[in-house]
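Look at the sequence and the structure before reading on.

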Amino acid sequence: AVVRQAQGRPGDGVELVLALLGRMRTKGDGQAPQGLPMPLRLYAGLIAEMDQDPDLREAMRLAALLGRFFAPGLLARFWPRGQKALDDALARAVREQLLIQEGSGHSTRFSFSRPLLREAAVLSWLAADRTRTRARIERTRVRVGTVPLTPVAEKPEETANRMPLKELPSP
């Protein structure tokens, strides 16, 4: 689990192991803790990567609330500055290897290069602001039709052979 979360970065792995050992020592009952905490030094290091300029930091924080993958068009709906500033921030994030760009043109989407980086960006929000912004994002997704109509618990292969909900025959 540590190797998977560290994503090949030895310093991140060391911080996770130290935090895990500290947590096991303080727990005292000998059981392995559930999940890995984000150590403060690791969090500070990840945030420092995003803090290179205000536009980059804000783009990363907003993108983190959009999910693992996000379209630049959806991010632009919540971006408080101009399109050029957003394009520059995304280009810099790709250059700095904070984000990975997939596709081009209208099919462009981005993902975080490391899950811990996204987690740190989410944690950088105050809880009330995070909740409020996530609610705005979900309302926007429903309004523009980007929310799937199938329940989350269903597997994609179960829905592949079904007709869309609006075309179901009436009984």
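## A residue in helix α4

Leaving aside its neighbours within four places in sequence, which residues is Glu 58 in contact with? The model examined here is predicted. In it, Glu 58 is in contact with Trp 79 and Arg 81, once those sequence neighbours are set aside.

Glu 58 belongs to helix α4, which covers residues 54-66. Its relative accessible area is 18%. Buried means under 20%, so Glu 58 counts as buried.

## Helices α3 and α7

Two packed helices are described by the angle between their axes and the distance between the axes. For helix α3 (residues 40-50) and helix α7 (residues 115-123), the axes come within 9 Å and cross at roughly 90°. Helix α3 is therefore roughly perpendicular to α7.

On the α3 side, the contact is made by Leu 42, Tyr 43, Leu 46, Ile 47 and Met 50. On the α7 side, the residues are Leu 116, Leu 117, Ala 120, Ala 121 and Leu 123. By type, the residues of this contact divide into 10 nonpolar, no polar and no charged.

## The whole chain

The protein chain has nine helices and three strands. Along the sequence they follow the pattern α-α-α-α-β-α-α-β-β-α-α-α.

The chain has 171 residues, of which 34% count as buried. Its accessible surface comes to about 10900 Å², and 56% of that surface belongs to carbon and sulfur atoms. Among contacts between residues at least 6 apart in sequence, 54% join residues at least 24 apart.

Terms used:
Residues numbered from 1 in each chain as written. Predicted model: local features only at pLDDT ≥ 70, side-chain atom pairs only at ≥ 80, totals over all residues. Heavy atoms only, no water. Axes fitted to C-alpha atoms, helices over the stretch in contact; angles between N-to-C directions. Helix = DSSP H or I, 4+ residues; strand = E, 2+ residues; numbered from the N terminus. Parallel < 35°, antiparallel > 145°, perpendicular 65-115°, else oblique. Contact = heavy atoms within 4.5 Å. Nonpolar A, V, L, I, M, F, W, Y, C, P; charged D, E, K, R; others polar. Buried < 20%, exposed > 50% of the residue type's maximum accessible area, 1.4 Å probe, protein only. Areas by Shrake-Rupley, 256 points an atom, 1.4 Å probe, with all protein chains shown as cover.
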